[in-house]
Amino acid sequence: MAKAPKWLQPFGNVDEQATPPEESPRRIGRGVFLATVAGGLTSLWWGKAAWGHVSNALSGVEAAVPLVPNKGWRIYTVAATMPTFDPASWRLRIGGLVDHPMELTYDELRALPQASEVRDFHCVTGWSVDNVHWRGVRFQDLLAKARPHPNARALQFVSAEEPYVDYLTLAQATMPDVMLAWEMDGKPLLREHGAPVRVVIPEMYGYKNVKWVAEINLVPQAELGYWENLGYDENAWVGRSNGY
Ligand SMILES: Nc1nc2c(c(=O)[nH]1)N[C@H]1C(S)=C(S)[C@@H](COP(=O)(O)O)O[C@H]1N2
Ligand SMILES: [Mo]
């Protein structure tokens with residue numbers, strides 16, 4: 001593979017935050033996953049009725065039970081409505097500790113070098129989806145033109161769905177199978193899965209896989225994300241942090 005710039009050293013020189021912690025699982029407080037189920041519902045069907053019904057009916061981790069199977073996906077949100085995607089006006093903002101803050105259009109994003117992979121997806125509450133096909137861009141390729149400063153050591157992902165925010169260290173974000181994805185199973189990301197782009201980090205539980213990414217900021221260090229503030233591990237390694 002191409003040599004990465006000094007600020008991004010993908011596989012060598014991995015810092016300690018990229019190493020799974022040995023700490024014992026913490027108890028999860030009354031963290032509330034608003035769970036809805038896209039199963040069986042097409043995007044067209046994804047209207048007020050289904051949404052209102054499910055968000056009223058389900059709250060709490062224990063309520064995250066699939067009503068209808070949809071390859072096993074359960075759709076999670078923290079806000080009352082899901083962001084909408086307009087290809088003409090949508091921009092991905094890249095800022096923070098960079099020489100060149102940028103705003104990428106949807107077309108510009110997809111013109112970047114593409115990567116694809118097939119990985120299993122795991123939610124910390126115990127459900128998984130096997131063999132998800134993803135297509136998107138690696139963070140090295142996404143961030144190269146923005147020219148991150150040497151003191152930038154983490155990425156902050158701001159979702160268009162407020163107030164969902166999470167972080168990855170650069171070492172984590174540049175692991176071989178981490179990407180910003182715009183395609184799932186051969187089709188553009190559906191609205192409920194985070195259209196137009198979401199983070200994919202298969203080694204970590206779902207809550208690090210931020211949907212509806214609107215802004216990526218280079219920051220000095222990773223901080224606590226949405227679910228981490230509610231008791232989940234900051235480094236959400238599948239099988240080695242406070243999940244199943
Ligand atoms: N913006 C946003 N991203 C999010 C979440 C969310 O509620 N809001 N939930 C996370 C969690 S906990 C999981 S398991 C996955 C679920 O992905 P899905 O909704 O596409 O099934 O999205 C993650 N990304
Ligand atoms: Mo999750």
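These notebook entries record what I looked up in the structure.

**Entry 1: the model.** I worked with a predicted model, in which local features need pLDDT of at least 70, side-chain atom pairs count only at pLDDT 80 or more, and totals for chains, interfaces and linings use all residues. Residues are numbered from 1 along each chain as its sequence is written, chains are lettered from A and ligands numbered from 1 in the order in which they are written, and side-chain values use heavy atoms, with hydrogens and water left out.

**Entry 2: strand E3.** I took strands as DSSP runs (E, at least two residues), numbered from the N terminus, and counted two strands as paired if DSSP finds at least two bridges between them. E3 (residues 92–96) runs antiparallel to E4 (residues 102–104), and three bridges join them. Arg 93 has Glu 103 of E4 as its bridge partner. A hairpin of five residues leads from E3 to E4. I then looked up E12 (residues 213–219), which runs parallel to E3 and is joined to it by four bridges. There, Ile 94 is partnered by Ile 216.

**Entry 3: strand E6.** I found seven bridges between E5 (residues 115–122) and E6 (residues 128–137), an antiparallel pair. Ala 115 is partnered by Gly 136 of E6. Five residues separate E5 and E6 in their hairpin, and Gly 126 in the turn has a positive phi of about 115°. E6 is also antiparallel to E9 (residues 179–184), with four bridges. Gly 136 has Ala 181 as its bridge partner in E9.

**Entry 4: ligand 1.** I called a residue near the ligand if one of its heavy atoms lies within 4 Å of it. Which residues come nearest to ligand 1? Of the 22 around it, they are Arg 74, Glu 161, His 193, Arg 198 and Lys 211. Strand E2 (residues 75–77) gives the largest share of the shell, three residues.

I next looked up polar contacts (pairs of N or O atoms within 3.5 Å). A side-chain N or O atom of Lys 211 is 2.4 Å from an oxygen atom of ligand 1. A polar side-chain atom of Glu 161 is 2.6 Å from a ligand nitrogen atom. For Tyr 76, a backbone N or O atom is 3.1 Å from an oxygen atom of ligand 1. Taken alone, ligand 1 exposes 530 Å², of which the protein buries 100%; I noted that accessible areas come from the Shrake-Rupley method with a 1.4 Å probe.

Methods. A polar contact is a pair of N or O atoms within 3.5 Å; within protein, one must be able to donate a hydrogen and the other to accept it, and residues adjacent in sequence count only if both atoms are side-chain atoms.
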